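Me: I'm new to this one and would like a walk through it. Can we go piece by piece?

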Amino acid sequence: MRKIYVIGIGAGDPDHLTLQAVKALNEVDVFFLFDKGTEKSDLIRLRHEILERHATGRAYRLVEARDPERDRDRAADGVAYAGAVDDWRSRRAEIYARMITDELGDGTSEDADGNGSVGAFLVWGDPSLYDSTLAILEEILERGTVRFEYEVIPGISSVSALAAKHRIGLNRVARPVQITTGRRLAEGWPQDADDVVVMLDAHQSFRHHLADDPVIYWGAYVGTEDEILVSGRLSEVAGRIEELRAEARARKGWIMDTYLLRRD
Ligand SMILES: C[S@@+](CC[C@H](N)C(=O)[O-])C[C@H]1O[C@@H](n2cnc3c(N)ncnc32)[C@H](O)[C@@H]1O
């Protein structure tokens, strides 16, 4: 039986890797890596660095593929956005299924059997948070064209890394915290939570909530050498965050930022 590890590798600091992840890395025959285009080559570089440093226990192969492009023009409203993500996920599922079939042996396929039967996907942060790898593997299993078992190794998420860097808890005593996207925050402040973590925000959606004037704990490239952290009352720091964000994005060609908004 083929086996797949889905390994959370942390949010950018090579030291985020857990001992459990290192153990799993050393059982893998084939690592599947995805290139999202040159602008995010830093993210690929971290994966290579992790493998060079920690996957030292046995010979492995790297199988690299280009990530399918997502249809960004269909992102105008929520329904179109969800449709675009579904399409993209299905195209990704096809690529994953082909790689698993061709590159991992299962004791029956002559072509792949010399390759070893253990594969791995290295997932940014933690696989449970805004990542499609698990859903894609489930989709492949449902299609039934290739069989495998899989195991998930948790990683340090960008949210944990952000909270640690600001030395804050995410929730206040006995209160809820909500994790959401920039897209949703732009539509309104979530009900039932005064503490809101925002991810995947390309448009600085915190600007929609200046009137509430929450405290913001913001971080970009958290855990990497480019890390930027800012905290304070939104009315006082929003402008600086926008400037820093624009400057960093122009310099590096991409940005990943996350923040907690804490309303009184
Ligand atoms: C597709 S999600 C993946 C999240 C990932 N699975 C995790 O556990 O952090 C990408 C979003 O995560 C956040 N993110 C990931 N790495 C980050 C980092 N090093 N610093 C700040 N935000 C980060 C950003 O909000 C980015 O838009």
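Me: Which strands does helix 5 lie across, and at about what angle does helix 5 run to strand 8?
Reply: Helix 5 lies across strand 7, strand 8, strand 9 and strand 10. Helices (H or I, at least four residues) and strands (E, at least two) are DSSP runs, numbered from the N terminus. Axes are lines fitted to C-alpha atoms, for helices over the stretch in contact, with angles from 0 to 180 degrees between N-to-C directions. On that basis, the angle between helix 5 and strand 8 is about 115 degrees.

Me: What should I know about the model itself?
Reply: It's a predicted model, where local features need pLDDT of at least 70 and side-chain atom pairs count only at pLDDT 80 or more, while totals for chains, interfaces and linings use all residues. Residues are numbered from 1 along each chain as its sequence is written, and side-chain values use heavy atoms, with hydrogens and water left out.

Me: Which strands of the sheet does helix 7 touch?
Reply: Contact here means heavy atoms within 4.5 Å. Helix 7 packs on the sheet, and its direction makes about 160 degrees with that of strand 9. The strands touched by helix 7 are strand 8, strand 9 and strand 10.

Me: Which residues of helix 5 are buried?
Reply: Buried means under 20% relative accessible area, exposed over 50%, and partly exposed in between (1.4 Å probe, protein chains only). The cover over the buried residues of helix 5 includes strand 7, strand 8, strand 9 and strand 10. Within helix 5 (residues 158–166), the buried ones are Ser-158, Val-159, Ala-161, Leu-162, Ala-163 and His-166.

Me: Why do strand 6 and strand 9 each have one side left without a neighbour in the sheet?
Reply: Two strands pair if DSSP finds at least two bridges between them. The open sheet has 5 strands with mixed pairing, in the order 6-7-10-8-9. Strand 6 (177–181) and strand 9 stand at the edges, so what each has is a single partner strand.

Me: Which residue is the bridge partner of Ile-179?
Reply: Strand 6 and strand 7 pair in the parallel sense, over 5 bridges. In strand 7, the partner of Ile-179 is Val-197.

Me: How are the rings of Phe-206 and Tyr-259 arranged?
Reply: Rings of Phe, Tyr and Trp (its six-membered ring) pair if their centres lie within 6.5 Å; planes under 30 degrees apart count as stacked, over 60 as edge-to-face and the rest as tilted. By this rule there are 8 aromatic pairs. For Phe-206 and Tyr-259, the centres are 5.4 Å apart and the planes are at 80 degrees, so the pair is edge-to-face.

Me: How many residues apart in sequence are the parts that this pair ties together?
Reply: Phe-206 is in the loop between strand 7 and strand 8, whereas Tyr-259 is in strand 10. Phe-206 counts as buried at 0% relative accessibility, and Tyr-259 counts as buried at 0% too. The parts tied together by the pair are apart in sequence by 53 residues.

Me: With which side chain does the side chain of Glu-242 make a polar contact?
Reply: Glu-242 is in helix 7 and, at 22% relative accessibility, counts as partly exposed. A polar contact is a pair of N or O atoms within 3.5 Å; within protein, one must be able to donate a hydrogen and the other to accept it, and residues adjacent in sequence count only if both atoms are side-chain atoms. At 3.3 Å, the partner side chain of Glu-242 is that of Arg-207.
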